[in-house]
Amino acid sequence: MTPKKRKLALVATAAATVTIAAAIPFTVFAEAPLPPEHGEFVKEVVDLTNEHRKDHGCGKLTMDTELSVPAQEHSQDMADNDFMSHTGSDGRDPGQRVSDSDYPGQYRAENVAAGYTTPEKVVDGWMNSEGHRANILNCELEDIGVGYAENEDSEYRSYWTQNFGVQ
């Protein structure tokens, strides 16, 4: 078996204010918890993101489980179906995924990336991309949810999602 070339990709989106309506409850963690190293990756992405925000005068983002559910779901969808996009394999966009969750606030932005092997590398990639950087350094944002998934048989192997919101 020949090793696959690692590809890197980034996509950013910001949304106009979206009012979150009644949500259909679901969880992706109950049946498939994150492996411990993935949980550490998620925590490190939040910590690194908050370090950049602090350096630019923004408040600390609060990790929100209800924003993390659609982020994890989307990262796993990209890994399972071997693609990288803001639109899921089911056709839902980030705002729809968050509105289908139990997040009580308003979805504001999403960063996705693929091919980055560590939290440091993915956050550096986002910070070196104008749209992603703008999402991370948007001082109006209060909450963050992060997802991470791997699939060694896919094009990019590692898939990352950040969801941002306000309450």
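Asp 47 and Lys 43 both sit in helix H1 (residues 36-55). They are 4 residues apart, about one turn of the helix. In this predicted model, the two side chains form a salt bridge. Their closest N and O atoms are 2.8 Å apart. Asp 47 has a relative accessibility of 33%, so it counts as partly exposed. Lys 43, at 46%, also counts as partly exposed.

The salt-bridge count comes to 6. One of these pairs Arg 92 with Asp 100. Here the closest N and O atoms are 2.8 Å apart. The two partners fall into separate accessibility classes. Arg 92 has a relative accessible area of 17% and is therefore buried. Asp 100 reaches 24%, so it counts as partly exposed.

A further salt bridge connects Arg 97 with Glu 110. The closest N and O atoms of this pair are 3.0 Å apart.

Strand pairing was examined next, with strand S4 (residues 143-150) as the reference. Of the 8 residues in S4, 7 are buried, so the strand is largely enclosed by the rest of the structure. S4 pairs with strand S2 (residues 62-63) through 2 bridges. These two strands run parallel. Within this pairing, Met 63 has Ile 144 of S4 as its bridge partner.

S4 is also joined to strand S5 (residues 158-166), by 8 bridges. S4 and S5 run antiparallel. Gly 145 has its bridge partner in S5, namely Asn 163. S4 therefore has a parallel neighbor in S2 and an antiparallel neighbor in S5.

Conventions
Residues numbered from 1 in each chain as written. Predicted model: local features only at pLDDT ≥ 70, side-chain atom pairs only at ≥ 80, totals over all residues. Heavy atoms only, no water. Salt bridge = Lys/Arg side-chain N within 4 Å of Asp/Glu carboxyl O. Buried < 20%, exposed > 50% of the residue type's maximum accessible area, 1.4 Å probe, protein only.
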